[in-house]
Amino acid sequence: MASKNILQDDEIEDLLFLTPPEGSEDELENFNIDELVCENYDTDTYDHNDDNVDIIDLPDVDQNIFIPNNDLDSIELENPIVIVVPNSESLNLRQPLVNSTTTSEVSVVHTPTVEKINTPKRTKFREIKSVIWKKRPFQISPDEIKFKGDTSLPQDPFFDLESPLDFFNYFFSSDLIKHICEESLRYSLQKNVNKPFEVTETDLKRYLGICIMTSICIVPDIRQYWSENLENNVIKNTMTVNNFEKIRQFLHFCNNDIYIPRGQPGHDRLFRIRTVLETLKKRFQTIPLEESLSVDEQLCATKGRHFMKQYMPMKPHKWGYKLFILASVSGFAYNIEIYSGQENDPQYRLTNEPDLGASANIVVRLCRTIPTNKNYVVYFDNYYTSLGLLVYLKNIGILSLGTVRRNRLKQVKLPNEKEFMKSERGSSAECITKIQNNILSAVVWKDNRLVTLLSTFVGEQPKSEVLRFSKTQKKSVNVPCPSAVTIYNKHMGGVDLLDANIGRYKIRMRSRKWYMRLFYHLLDTCVVNAWILQKRVLTQKNENDKIITLAKFREVLAVTLCQTGKNVDVTPTRGRPCKKANMVYMTDRKKPRVVHTSTIINRERYDCVSHWPVWNTTRQRCRYTNCKGFTYVNCSKCKTFMCFNKNNSCFVSYHTN
């Protein structure tokens with residue numbers, strides 16, 4: 001057998017790291033190994049000060065070396081690295097968690113199947129150690145941090161959306177409704193092939209309308225909405241309680257035939273809700289981002305039995321499913337990640353993303369949808385903040401600011417915590433460092449407790465003043481506050497605002513199926529996003545007087561969904577029709593007198609459902625405000641006569657203004 005060249009560890013290190021730069025002999029005299037390593041490799045993932053250099057410390061791109069089949073005998077290593085031999089079909093180890101085939105807007109999920117290969121375990125991210133801090137004020141050019149993105153909404157298609165139903169349908173699209181109907185039918189056949197239960201799109205919309213109505217009209221039991229004492233006319237006239245329970249029983253979102261069991265490669269813990277989650281995320285991300293964004297956790301409260309349920313003692317509801325949200329200052333959720341324990345698996349990480357640790361990787365994944373090099377600003381708390389995260393975001397053109405734990409700032413030159421607590425309230429200190437040509441500022445401020453912040457775009461100056469109550473003076477006094485603290489408090493509450501909007505009016509229906517609680521939570525998030533989008537559109541159109549509250553938005557949306565497919569009111573009536581909609585009772589006189597008004601008070605005129613112009617044989621006066629014309633046209637649903645000709649279009653104005 002022919003002799004083979006065996007490469008030792010130190011020879012591999014020399015080949016990969018200690019290769020001198022190209023240039024003349026004079027340039028080689030000033031060659032510094034440490035500078036070369038810091039320049040070519042990220043100091044976050046490789047610490048060149050360690051004496052023990054291991055091959056697994058290299059970036060992921062170099063971990064898998066592809067060698068043709070006929071050249072395998074030419075290399076032999078004493079400590080062999082992983083060698084992947086490509087076959088006729090290339091094996092991709094970097095498959096995403098969801099492999100979507102987009103035949104429509106709905107992402108039909110097929111969980112990836114990854115072949116097991118003896119790959120070395122990815123080394124944990126090593127924090128930056130060789131950092132030099134200096135006690136200097138943070139200074140940066142305004143042009144370097146100037147916002148370069150566009151936050152305005154395009155007129156097409158957002159300006160064409162008018163009613164709450166239009167904004168809701170933009171996110172919860174008809175393709176998703178059709179997909180849920182198909183999967184619900186398949187699920188009923190899987191339960192009993194002899195008793196299929198078909199859920200039509202109309203029935204599903206009415207079911208969603210009832211769910212949204214229950215968030216603003218709360219009763220102890222869902223069946224009491226049909227009871228004689230606590231009945232709700234909107235819900236009772238929508239469908240029977242048995243039909244509602246039947247839809248609730250077979251409501252499903254995935255195909256169980258392609259489910260990969262636990263313990264097998266490609267298993268997805270969120271498979272049963274993955275389609276709804278990815279489809280809604282895709283629709284949320286079509287809205288232009290606002291300049292200031294925040295990342296924080298959210299809790300979907302539940303007491304159901306499931307291994308993904310978390311305990312968070314600092315939340316109002318202690319138990320539930322944990323979600324990580326990327327939201328704007330207005331509370332709009334752009335990206336959602338449900339914690340399942342699989343997200344940080346190396347095989348689901350993109351090639352160009354470093355391993356910054358479990359908490360920092362959450363921010364990296366949520367920020368994938370943010371346009372790079374536009375100077376969007378992301379805020380987060382001390383659970384996520386680290387030097388490596390801020391450096392990575394700055395390198396891709398995303399500014400960041402967050403509170404930080406002192407033990408994550410190595411060798412920082414900030415005052416000692418015990419000594420600094422003896423200083424006056426409002427005292428602050430600052431120091432800066434430079435990592436990979438990025439300047440970072442660390443600011444500490446004394447309030448009731450010490451607050452430490454780390455930023456790539458703002459520092460201590462300019463200071464402002466905030467009101468704090470003084471126990472000694474028994475009154476509120478002005479306290480100096482660094483600029484970083486002021487900006488952080490102003491823009492960090494996006495996820496908390498989203499929680500407040502969902503918590504005020506949320507769907508409280510209980511279910512033994514764990515994914516149904518997540519579905520109702522995503523439905524609430526979709527409604528809140530639709531309401532925020534409507535406010536944003538009306539503000540951009542300078543129609544602030546048309547903005548309604550969240551409760552009113554939910555009421556109109558629920559009533560509209562419940563009346564899907566209905567042309568007339570199905571409420572049974574007896575005797576002559578009531579004309580209360582056309583009259584106002586004058587009670588300021590001794591004898592009440594009825595005065596007919598020219599404008600009909602009708603709450604359904606804006607729902608944009610089944611309002612059709614109908615030609616009549618008789619002519620009546622137009623009921624639109626300030627119109628004295630006569631017309632043969634009335635609305636099929638409102639039963640109201642309005643002009644609809646080439647000169648006057650009172651029919652359109654009545655249903656839109």
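**View 1. Phe332 is a buried residue of this predicted model.** The relative accessible area of F332 is 2%, so this residue counts as buried, given that the term applies under 20%. F284 is likewise classed as buried, because its relative accessibility is 1%.

**View 2. The rings of F284 and F332 form an edge-to-face pair.** Their centres lie 6.3 Å apart, and the planes meet at 75°, so the arrangement is edge-to-face; that class requires an angle over 60 degrees. The pair joins distant parts of the chain: F284 belongs to helix α10 (residues 271–284), whereas F332 is found in the loop between β10 (319–328) and β11 (333–338). In the chain, 48 residues separate F284 and F332.

**View 3. W226 and F244 form a tilted pair, one of 25 aromatic pairs in the structure.** The distance from centre to centre is 5.5 Å, with 45° between the planes of W226 and F244. This pair also links distant parts of the chain, its members being 18 residues apart. W226 lies in the loop between α7 (201–214) and α8 (233–236), and F244 lies in helix α9 (residues 241–250). W226 and F244 are both buried.

**View 4. A cluster of aromatic residues is linked by ring pairs.** Its members are F168, F172, F253, Y321, W514, Y515, F519 and Y520.

**View 5. Arginine residues are placed over tyrosine rings.** R272 has its charged end over the ring of Y259, at 4.9 Å from the ring centre. R283 is positioned over the face of Y170, 4.3 Å from the centre of that ring.

How values were computed. Residues are numbered from 1 along each chain as its sequence is written. This is a predicted model: local features need pLDDT of at least 70, side-chain atom pairs count only at pLDDT 80 or more; totals for chains, interfaces and linings use all residues. Side-chain values use heavy atoms; hydrogens and water are left out. Rings of Phe, Tyr and Trp (its six-membered ring) pair if their centres lie within 6.5 Å; planes under 30 degrees apart count as stacked, over 60 as edge-to-face and the rest as tilted. Helices (H or I, at least four residues) and strands (E, at least two) are DSSP runs, numbered from the N terminus. Buried means under 20% relative accessible area, exposed over 50%, partly exposed in between (1.4 Å probe, protein chains only). A charge sits over a ring if NZ of Lys or CZ of Arg is within 6 Å of the ring centre and within 35 degrees of the ring normal.
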